[in-house]
Amino acid sequence: MAATRMLSYVEKDTFVHHLSGLTKLIFFLAWCITSAMTYDTRILLVMIAVSLVLFVISKTQWKQIAGVFKFILLMMIINVIAIFLLSPYQGCEIYHSKTVLAPFFAGHDITAEELFYLFNVVIKYFTVAPSIFIFLVTTNPSEFASSMNLIGVPYTVSYAISIALRYIPDVQDDYHRIKNAQEARGIEMNAANAKLSERIRRTSAIIFPLLFSTMEEIDVVSNAMELRGFGKKKKRTWYARKKLTKADYISIAATLAFMVFALWFTYRDGSRFYNPFA
Amino acid sequence: MDKKKSKFGIREVVATGIGTALFVVLTEVQIPIGIPNTALQPRMAVLAFLSAVFGPLVGAIIGLLGHALGDALFYGSVWWSWVFPEAIVGIAIGACAKKLKVRAGGFGRKEAVLFNVVQIVSNAVAWILVAPVLDILVYAEPANKVFLQGVFAWLGNILIIAILGTLLLLAYSKIAGKSSSLEMED
C-alpha cells in the first residue's frame with residue numbers, strides 16, 4: 001500500500017496514555033494559545049523542553065513521527081527563505097536596531113536581528129508540533145469524543161467528530177483503491193509534463209467516484225443511526241468515557257498555571273518579543 | 001419536528017463526520033501549478049460541494065475541523081490563522097444552500113452563477129483579508145509576504161472550486177433529483 005505519513009493513535013501503557021482525552025485537549029489548546037500569543041524566546045524554549053520530556057514519558061518512538069517531522073522541516077526552510085527574500089529587515093523593525101553581520105546582495109544584508117527573528121519563527125512552530133504529536137498518538141478517538149461532550153460541546157457535534165476520526169482510515173482506503181483502479185486504466189496521476197487542465201481532469205477521475213460513494217455512505221450510516229433512535233434524547237452516555245483522576249486534575253492545574261505565568265512573563269514589559277538587542 | 005433538530009439532525013451529524021474525513025484524506029491530493037509552495041487543493045471543491053448540499057453549520061465544522069485535523073495529521077502542526085478562514089467559505093456557501101436546490105435536482109445555470117459569485121467573494125474575504133491579518137497578528141510575519149500568499153491561495157481556490165466544485169454539483173444534482181422524484185402517470 002502507498003506509504004502514508006499520517007500520524008495515528010498507538011495504544012501504550014504510559015502515564016500520558018492514561019490521562020483523560022480532556023486533559024490532553026486542554027494541554028494542547030493551552031499550548032496552542034500560549035504559543036500563538038507569545039514571541040518570547042525563553043518561554044518558547046521552555047515549552048519545547050517540556051514537550052520533549054513528555055515525548056520521552058509517553059514512549060513515542062521516532063519512527064512514529066519521523067515522516068511528518070521531516071516534512072515540517074522542509075516547509076519551515078521554505079518559509080524562512082520566503083520571509084528573508086521578501087522582508088529582510090522584519091527583524092530590525094521588531095527589535096528596533098540593526099546589526100549588519102555580513103553583506104549579502106543589495107537590500108538583503110544579513111542582520112543579527114533578522115536571524116534572531118527567523119530563529120523565533122522556527123521555534124514558535126516547533127512548540128506546537130510536539131503537542132500535536134503527543135495528542136494524536138496517545139489519545140483514543142472514541143474517548144476523545146466523549147471528552148468533548150464532557151466540556152459542554154453538544155453530543156451531536158462530539159459524535160460528528162467521533163465519526164470523522166473513525167472514518168479517516170476507511171475513506172483513505174477508498175481513496176487508494178479508486179486511485180489504483182484509475183491508474184490501472186491508464187490514467188497517470190503523477191505525470192509531471194501534463195497540462196494543468198489535463199491534471200485537473202485526471203484528479204477529478206478520483207474525486208468524482210470518491211465523493212459519490214461518500215454521499216452514499218452518508219445515506220447508509222444516517223439511516224442506520226435513525227433506526228437506532230440516535231438524537232431522540234437530550235443526553236447520551238459514552239462507552240469510552242473515563243472519569244477524571246487525581247493525575248488529570250494536577251496536570252490540568254499545572255498546564256493552566258504555566259499558561260498564566262507564560263502570558264504574564266511575556267507581556268509584563270508591554271511587548272510580546274524578547275529583545276536581546278536593547 | 002422541532003426547529004433545532006432540523007438544523008443539525010442525524011444526516012447533518014453524519015455528513016459532518018464523514019465529510020470531514022473526506023476533507024482530511026484529500027489533504028494529500030494537490031495539483032501543482034508551477035509556483036513553488038502553491039498548489040490547487042481539490043479538497044476545497046469538496047468543502048464547497050458539501051456546504052452547498054448540507055448548509056452552513058456542516059460547512060463551517062468541516063472547514064474548521066477538517067483543516068485543523070488535516071494539518072495536524074499530515075503536517076504535524078496547525079496553522080490556526082488559516083483554519084478560521086476556511087469556516088468563512090463553508091458558512092457563506094452553506095448560507096445559500098436552499099437557493100442552490102442541489103438536493104431537489106434544481107441546480108442549473110442560474111444556481112451555478114450564484115454559487116460561483118458567492119465562492120469568489122467569500123474566498124476573497126477569507127484568504128486576502130482574514131488569513132493574512134491573522135498571520136500578522138499571531139505570527140508577526142511580514143505583511144507583503146502574507147498578502148502575496150493570500151492572493152495566490154485565493155486564485156488557486158476559486159479556480160478549483162469554479163471548475164471541480166461546479167461540475168460536482170451539476171452531476172450530483174442530476175442524480176439526486178432523478179432518484180427522488182416520482183413522475184405522475186398519464
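Here are a few notes on this predicted model, taken chain by chain and then across the contact between the chains.

1. **Overall layout of chain B.** Chain B contains eight helices and two strands. Following the sequence, the order of elements is α-α-β-β-α-α-α-α-α-α. Of its 186 residues, 52% are buried. If you look at contacts in chain B with a separation of 6 or more, 72% of them join residues 24 or more positions apart.

2. **A helix pair in chain B.** Have a look at α2 (residues 10-25) and α3 (residues 42-54) of chain B: their axes lie 10 Å apart and the packing angle is about 175°. Angles over 145 degrees count as roughly antiparallel, so α2(B) is roughly antiparallel to α3(B). On the α2(B) side, the contact is made by B:Glu12, B:Ala15, B:Gly19, B:Leu22 and B:Phe23. The α3(B) side brings B:Arg43, B:Val46, B:Leu47, B:Leu50 and B:Phe54. Sorted by class, this contact of α2(B) with α3(B) has seven nonpolar, one polar and two charged residues.

3. B:Leu170 sits in helix α8 (residues 143-180) of chain B. Is B:Leu170 buried or partly exposed? It counts as partly exposed, because B:Leu170 has 16 C-beta neighbours inside 10 Å, while a buried residue needs 20 or more. Leaving aside residues up to four places away in sequence, B:Leu170 touches B:Phe107 and B:Ala112. The C-alpha atom of B:Leu170 is also 8.7 Å from that of B:Gly105, and these two residues are 65 residues apart along the chain.

4. **Helix α7 of chain A.** In α7 (residues 141-150) of chain A, the buried residues are A:Phe144, A:Ala145, A:Ser146, A:Ser147, A:Met148 and A:Asn149. Among the elements covering the buried residues of α7(A) are α2 (21-37) and α8 (155-184) of chain A. After α7(A) comes A:Gly152, with a positive phi near 105°.

5. **Where the chains meet.** How many residues of chain A are in contact with chain B? There are 55 from chain A, in contact with 46 residues of chain B. On the side of chain A that touches chain B, two or more residues come from each of α2, α4 (62-86), α5 (90-95), α6 (112-138), α8 and α9 (196-227) of chain A. Helix α9(A) gives the largest share of that side, with 16 residues. By class, the side of chain A that touches chain B has 42 nonpolar, nine polar and four charged residues.

Key
Residues numbered from 1 in each chain as written. Chains lettered and ligands numbered in written order. Predicted model: local features only at pLDDT ≥ 70, side-chain atom pairs only at ≥ 80, totals over all residues. Buried ≥ 20, exposed ≤ 12 C-beta atoms within 10 Å, placed from the backbone. Helix = DSSP H or I, 4+ residues; strand = E, 2+ residues; numbered from the N terminus. Contact = placed C-beta atoms within 7 Å. Nonpolar A, V, L, I, M, F, W, Y, C, P; charged D, E, K, R; others polar. Axes fitted to C-alpha atoms, helices over the stretch in contact; angles between N-to-C directions. Parallel < 35°, antiparallel > 145°, perpendicular 65-115°, else oblique.
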